[in-house]
Structures are given as structure tokens and as C-alpha cells.
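Here is a short briefing to keep beside you while you look through the model. Take a look at the sequence and structure first, and then we can walk through some of its residues together.

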Amino acid sequence: MKLDYLALAAHPDDVELAMGGTMAMLAANEKKTGIIDLTRGEMGTRGTPETRKMEAEKAAKILDLKVRDNLGLPDSLLKSTREFQLPIITAIRTYRPDIVFINAPDDRHPDHGNAAKLQTDALFFAGLRKIETLGADGKVQEPWRPFHILHYMQDRTFEPSIIIDVSTFFDKRLESILAYSTQFNADSD
């Protein structure tokens, strides 16, 4: 399925926190949207990869996503290597998004900045014919580069190039965040 908008995230819940309102608004405007999480969030203090997967699926329904995938890359070990780029390249060529949102380039969480570098590199390489990937059908995929790549703001602010009023989708955004009950509704440890 070709997507109009795809958000890449280091961890499940990154997109919901940073731009859940935008994703809800796009879906409400009949755009085909998706989120691909790079890791399962397995190094997080709360929850397990299994519970995080269920929470991500719940959030996907709330945001009316067409696609929610997880690449299973190692949490806390993200870096831009060909090994980690290839699954992203394959996904980009599979979904052929017009616009891709990626992690913030500088953030308190090391995975976010590392993911941004990995994502940026993989998005460029997805357009190179000489990097060969196979689709689910076993056939060689065609190169693809999105028309625009935008960083979403996380912990640290930066000068935005685009501001979208999603105030009418605030409740939907909050609902998608609270789908991660192990992260945000947990009792204090």
C-alpha cells in the first residue's frame, strides 16, 4: 500500500507524543498514514516488548493508521550502519510515502538523535538503484525517495519550518498517548 505520510520513530510512543495530533488530522482528512517504529522499546524501564506492541496497536487504531510496523532494531544501540539502514530502505520502498516525518536531530534521549541520522541516511539510500532490496513478494524493489522529510520536535525545541494547528485533534492525540498505559498511567516505582 502506498502511503501519503509516514512517521518513523526510534520507539513506540515517540510519534504519539511528538505529533499524534498531526497524524490524527491527516487520517481524518483521508490521507493514508503510517508509523514505523525502529525498536520495540525493550530497554525502557516500564513495560515489555509485548505490552509495548499491544499499546502501539491500540494507538494505531485511535489514530486511524493504515500501517503500523516495527523493525525490531536494538533499543539503545541505534546507529547508521548498512545493517540498520536496509530494513528502513525496504519499508520506504514498500510504502513509497510522499512525506516522511523523522525523529528530532538533537534530543535528551540518545536514540532519538541517532535514529534521526540513521533515518536520514536510509531515506537517501532508498533512492539509489544500486542498493538492492527485496519486497515481500521476493522481487527487487524499485528505488524511492519521499518528496519531503521533516523532523518532529521532541525534548529540545528548534526553529520549526512548518506549524500545523491540530488543536481540534488534541483529545485524539491525548488518547493515543494514554494508550501506552505502561508508560504514562503506571504507578510510581
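**Thr33 and its surroundings**

Leaving aside neighbours within four places in sequence, Thr33 is in contact (heavy atoms within 4.5 Å) with Leu3, Tyr5, Met23, Leu26, Ala27, Asp64, Leu65, Lys66 and Val67. This is a predicted model, in which local features need pLDDT of at least 70 and side-chain atom pairs count only at pLDDT 80 or more, while totals for chains, interfaces and linings use all residues. Residues are numbered from 1 along each chain as its sequence is written, and side-chain values use heavy atoms, with hydrogens and water left out.

- Thr33 lies in strand β2, residues 33-39; helices (H or I, at least four residues) and strands (E, at least two) are DSSP runs numbered from the N terminus.
- Thr33 counts as buried because its relative accessible area is 0%; buried means under 20% relative accessible area, exposed over 50%, and partly exposed in between, using a 1.4 Å probe and protein chains only.
- Between the C-alpha atoms of Thr33 and Ile163, which are 130 residues apart along the chain, the separation is 19 Å.

- You will find Asp75 in the loop between β3 (67-73) and α3 (82-95).
- Asp75 is buried yet has no salt bridge, and the nearest side chain of opposite charge, Arg52, is 5.9 Å away. For charge, Lys and Arg count as positive and Asp and Glu as negative, with His and the chain ends not counted; a salt bridge is a side-chain nitrogen of Lys or Arg within 4 Å of a carboxyl oxygen of Asp or Glu.
- The backbone nitrogen of Met43 is reached by the Asp75 side chain at 2.9 Å.
- Apart from neighbours within four places in sequence, the contacts of Asp75 include His11, Thr39, Gly41 and Asp111.

**Two loop residues with positive phi**

- Asp13 is not a glycine, yet it has a positive phi of about 100°. It sits in the loop between β1 (5-9) and α1 (14-28) and is buried, with a relative accessible area of 8%.
- Ser76, also not a glycine, has a positive phi of about 75°. Ser76 belongs to the loop between β3 and α3 and is partly exposed, at 43% relative accessible area.

**Thr90 in helix α3**

- Thr90 is found in helix α3 and is partly exposed, with a relative accessible area of 22%.
- Beyond its neighbours within four places in sequence, Thr90 is in contact with Thr133, Leu134 and Gln141.
- The C-alpha atoms of Thr90 and Glu142 are separated by 9.7 Å, although these residues are 52 apart along the chain.

**Salt bridges**

- How many salt bridges does the count come to? The count comes to nine.
- One pairs Lys2 with Asp98, their closest N and O atoms being 2.9 Å apart. This pair links distant parts of the chain, with Lys2 in the segment before β1 and Asp98 in the loop between α3 and β4 (99-102), 96 residues apart.
- Arg68 and Asp37 meet in another salt bridge (2.9 Å, N to O). Arg68 is in strand β3 and Asp37 in strand β2, 31 residues apart, and both are buried.
- Asp106 and Arg156 also form a salt bridge, at 3.0 Å from N to O. Asp106 lies in the loop between β4 and α4 (110-125) and Arg156 in the loop between β5 (148-151) and α5 (170-178), so the pair ties together parts 50 residues apart in sequence.
- Asp106 is partly exposed at 46% relative accessible area, and Arg156 is partly exposed at 37%.
- Through shared partners, salt bridges join Glu16, Asp37 and Arg68 into one network.

Key. A polar contact is a pair of N or O atoms within 3.5 Å; within protein, one must be able to donate a hydrogen and the other to accept it, and residues adjacent in sequence count only if both atoms are side-chain atoms.
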